[in-house]
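I opened this notebook to keep track of what I looked up. The entries follow the order in which I went through the model.

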Amino acid sequence: MNGTKKVRGRSSENTMEEYQLTMRLLEMLQRTGYELVQENGQRRLTAPEIVRGEKQRVKGAEIFLGRLPRDCYEDELMPVLERIGRLMELRLMLDFSGSTRGYAFALFENSKIARYACAELDGYEIRPGHRIGVVKSVDNCRLFFGGVPKNKSKEEFLEELNKILEGITDIYLYPSAHDKTLNRGFIFVEFKDHRAAAMARRKLIPGRVMLWDHEIAVDWADPEPGDPIDEEIMESVTALFVRNLSLDMSQQKIREIFQKTTRIPILKLKKINHFAFIHYESRQAAQTVMNIMTSSNSIAECEGWEIRWAKPIGATKILERQRCINEAIAKSNPHNLQQNCIKLAPTKKAICKKAVDMNANNIVDITSVHMNALQNFIKGKLNATCHFKCLRTAGAPNFICKITIFQDGHTLIEYHGEPMPTSQNAVVVACTKMYQFIVNTFPDHSKYTEQEYLLRTTDKSSQFSRLSRREDE
């Protein structure tokens, strides 16, 4: 009898909570004009301009919100997100009981707002003592198809897959290094958006779909390795990345083909195995080459070359490479480690803030790499922030970098770097010495090693590497 009363009491309490939640959601919808739809294990809150078709969802403008309370719903999340910028869509993941699964995806008006949201909301205390995690969402629109027939062409795959799937925009097929008439037994299929890719993946259940009597394996394509690159940085890239070149094709032959086809001089070219990096004088010149070489019936299309914008080398790779160099220097001559480890930028073009990585043939901003790395390290170790200011010294054409560390609104450390001939060198040296100073001064505050310092410059999405990829349950 008592057990029955308890069950009834709990059921009545749950019903009241559901009623209160429903009322809060209705009030929110009436205030905002948004549309709320529940489907496929998620509840989708969509802005009216998206519903009416006046605006399109922008790729790269979505963030992942993790570590949410299980009873945290749209009425609590939306006011927090609205303070950042215009919210276009909020997808809250639900389980079978109607409770949240502890994470959601929020789409903003553009990628700039999304980056700002990550900076502002990561670690945000949504409730007393409960901090959430926020990173950029991996907006995956590409599927991997393994075990496909090696004797089929891109056109044949397009024709066959369009019979059973919707939203395909492109197919990436890589020819065999030994026989260009054959592919390598796998392809990547690009869709118009993540939803189309998710629906295609759900439809292609293993064992049910055959291509030319071949049973295929289908899964999400892994994101490209390396640090995520800011869209604004990518818009200034002046180098092209070309893939699927013949192994026996020389650099000179590639140069001749590109210059003869486009009539635009190449600043620098480097070929590695079956791919190459081609640098141009300006973004406009590189864009013109891109347009010509990717046009219909171009030589690139006939040869099966894939041409994209080259990605600048990320902070993680730069710092990891420098760490290996420093270790090698230390083993050969320990006394010169301090002197050599600060010479991270090539001296030939020391005046320029950008340097060229000769191994990957990519352009990097050395000063930004070191400032971001130190900023991340100080934030994790001291829960503090850094302010950088580069000053010209009086009486000599030198520069010094002033680094100020603030904690809870108070100045914790102020450091004036050594005079250096360029502003770039001043920043690099100051960041390096500040890192060493913090490690030696605060040994018990945190147990980070140099390797952990390097890792803290990587994308924080590794904390949510599985969940932060867009999901449609």
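**Entry 1: Ala-196**

I began with Ala-196, which touches Glu-166, Gly-167 and Phe-191, not counting residues up to four places away in sequence; contact means heavy atoms within 4.5 Å. The model is a predicted one, where local features need pLDDT of at least 70, side-chain atom pairs count only at pLDDT 80 or more, and totals for chains, interfaces and linings use all residues. Residues are numbered from 1 along each chain as its sequence is written, and side-chain values use heavy atoms, with hydrogens and water left out.

I found Ala-196 in helix 6 (residues 194-203). Helices (H or I, at least four residues) and strands (E, at least two) are DSSP runs, numbered from the N terminus. Is Ala-196 buried or exposed? Ala-196 counts as buried because its relative accessibility is 11%; buried means under 20% relative accessible area, exposed over 50%, and partly exposed in between (1.4 Å probe, protein chains only). I also looked up Cys-141, which is 55 residues from Ala-196 in sequence, with 7.7 Å between the two C-alpha atoms.

**Entry 2: the whole chain**

I noted 15 helices and 23 strands in the protein chain. Of its 473 residues, 44% are buried. The accessible surface comes to about 26000 Å², and 51% of that belongs to carbon and sulfur atoms; areas come from the Shrake-Rupley method with a 1.4 Å probe, and for residues only the protein chains shown count as cover. Among contacts between residues at least 6 apart in sequence, 65% join residues at least 24 apart.

**Entry 3: helices 8 and 9**

I checked how helix 8 (residues 251-262) packs with helix 9 (residues 283-293): the angle is about 90° and the axes are 10 Å apart. That makes the two helices roughly perpendicular. Axes are lines fitted to C-alpha atoms, for helices over the stretch in contact, and angles run from 0 to 180 degrees between N-to-C directions. Angles of 65 to 115 degrees count as roughly perpendicular, under 35 as roughly parallel, over 145 as roughly antiparallel, and the rest as oblique. Phe-258, Thr-261 and Thr-262 of helix 8 meet Val-289, Ile-292 and Met-293 of helix 9.

**Entry 4: salt bridges**

I counted a salt bridge where a side-chain nitrogen of Lys or Arg is within 4 Å of a carboxyl oxygen of Asp or Glu. By this rule there are 17 salt bridges.

Lys-55 and Glu-109 form one, at 2.3 Å from N to O. Lys-55 lies in the loop between helix 2 (48-51) and strand 3 (62-66), and Glu-109 in the loop between strand 5 (100-108) and helix 4 (111-121), so the pair ties together parts 54 residues apart in sequence. Lys-55 is partly exposed at 35% relative accessible area, and Glu-109 is partly exposed at 29%.

Glu-76 and Arg-127 form another, with the closest N and O atoms 2.8 Å apart. This pair links distant parts of the chain, 51 residues apart: Glu-76 is in helix 3 (residues 74-82) and Arg-127 in strand 6 (residues 125-127). Salt bridges with shared partners join Asp-71, Glu-76 and Arg-127 into one network.

I also listed Glu-54 and Arg-52, whose side chains meet in a salt bridge of 2.8 Å, N to O. Glu-54 and Arg-52 are both exposed.
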